[in-house]
Amino acid sequence: MHELPIIEKIISLTVVQARLNGAEKVLSITIETGAFSDLEPQWLNRYFRKMTEGTLLEDSNLIIKRQEGFYHCPDCGHNQTYQGQRITLCPLCGSDKIELKGESGYTLKEMEIQ
Amino acid sequence: MSTRVIKIEQDILNDDKELAEKIRIRERENNRLMINVMASPGAGKTSLILALLERFKSSYTLSVLEGDVDSTVDSDKIETAGYRAVQIQTGGFCHLNPPMIEKGLALMERQENRELVFIENIGNLICPASHDLGETVKIVILSVPEGDDKPWKYPGIFRVADLVVLNKIDYPDYKDFKLKEFSDQLQILNPGVSLFPVSCKSEQGLEELVQKLESLVDPFFD
C-alpha cells in the first residue's frame, strides 16, 4: 500500500522532466532505494504499470537498484555487507560496538527518453 | 529515433521533506513542538500518550493529532480525558505525511503557552519510519508480548527513533523477554539510542521517560 504514493510522486517528477526535455516517450526510469527502505519491487512495478497507462511513461521500464547496507566496526574499521545476517560482535576484533549502516530513502536517478 | 539519458538525482520524497522542515521551523518559532509516536497496533501508543499528558499538564499546553485509517476511537479517549484532540483519518493510507499534519495543525488554534503536540501515527512498524512529519522527537514503542526480536525484523523504524519505549513490563511473561539482547540490537541499529522499559498500567518507569523527554524538548522552547 505505501508504494502507491511513492509511485505517484515518481510519475509526477518524471513527467515534468520529460516535458522539460521535449520527450515524446519515456523508455526507462531508474530509481535507487536504500537498504532499509520500505519499498517492495513487485508492488512498485504493479502500481507503476497501472498508473502510467495513457501517459508518456506507458510501457516504460522501471529499473530499481537497491543499495546495500553494511556492518561497520568503529574500533577496527572492518566493513561487511549486510544480507540480513545478525552480527553482534565484530568478526575481526570482537568489538561489541559494531553498527549497521545504510540509507532508508528513495532517489530518482535518471530516465531514458526518446 | 535517437534516445537520450537524462540525469535527475532527486530525492523522491523531497517535497514532503521540505514541508516537514518548514513545519518544524515554523512551529518551534510558535513555541509549539511535536512528538511523533510510532508502534504496531496494540503496543500502547494511546496509553503512553495519555500517561504523558497527565505528567506534562502542569508544564505545557497539550494537544494530540490522532492518525487512524478510520474511526474516532482514539481521539474520543483523549477528549474524554480532557485534552484537545484532532482526528486525522487517512482513508486507507498506512502512514501520516506532512500535508496531513498541516491540515491537522490548522484545526488547532495556537495557545499562549509552550505547547506539546503528540502525533499518534498509524499502527505499523514499516512505513511511518520513512516519513518525517516536522516533529522534534520520534518515539518508537515496542510492547513485551511482541517479542524481543523486532529490531532485526523491522530495522528501519528502530533506526530513526530518538528514543525507544518498551511497554507492558508488567506482562506476566516479561521474564522471557531478553532485555539485554533487545538493547544490544538497538545499539547496533541506532548507536546511542535510549531505551525506557515502562508499564503504562502500573506506571513503572514513566518518571525517567518524562525527564528524558523534557530534556529533549525544553532547549527548543523560549
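Predicted model: local features only at pLDDT ≥ 70, side-chain atom pairs only at ≥ 80, totals over all residues.
A residue counts as buried when its relative accessible area is under 20%, as exposed when that area is over 50%, and as partly exposed in between. With a relative accessible area of 48%, B:Glu9 is therefore partly exposed.

**Overall form of chain B**

- The secondary structure of chain B is made up of eight helices and eight strands.
- Chain B has a radius of gyration of 18 Å, which is close to the 17 Å that the globule rule gives for 222 residues, so the chain is as compact as a globular protein of that length.

**Interior, contacts and surface**

- Of the 222 residues in chain B, 55% are buried.
- If one takes the contacts in chain B with a separation of 6 or more, 74% of them are between residues 24 or more positions apart.
- The accessible surface of chain B comes to about 9,600 Å², and carbon and sulfur atoms account for 48% of this surface.

**Aromatic residues**

- Over all chains, the structure holds nine aromatic pairs.
- In the pair formed by B:Phe177 and B:Phe182, the ring centres are 5.3 Å apart and the planes stand at 65°, so the pair is edge-to-face, given that planes over 60 degrees apart are counted in this way.
- Both members of this pair, B:Phe177 and B:Phe182, are buried.
- One aromatic cluster is formed by B:Phe56, B:Tyr60, B:Phe118 and B:Phe221.

- B:Glu9, which is not a glycine, has a positive phi near 50°, and its place in chain B is in strand S1, which covers residues 4–11.
- B:Glu203 is likewise not a glycine, yet its phi is positive at about 75°, and this residue lies in the loop between strand S8 (194–197) and helix H8 (206–217) of chain B.
- The relative accessible area of B:Glu203 is 47%, so B:Glu203 is partly exposed, as is B:Glu9 with its value of 48%.

Conventions. Residues numbered from 1 in each chain as written. Chains lettered and ligands numbered in written order. Heavy atoms only, no water. Helix = DSSP H or I, 4+ residues; strand = E, 2+ residues; numbered from the N terminus. Rg over C-alpha atoms; globule rule 2.2 N^0.38 Å. Buried < 20%, exposed > 50% of the residue type's maximum accessible area, 1.4 Å probe, protein only. Contact = heavy atoms within 4.5 Å. Areas by Shrake-Rupley, 256 points an atom, 1.4 Å probe, with all protein chains shown as cover. Phe/Tyr/Trp six-rings, centres within 6.5 Å; stacked < 30°, edge-to-face > 60°.
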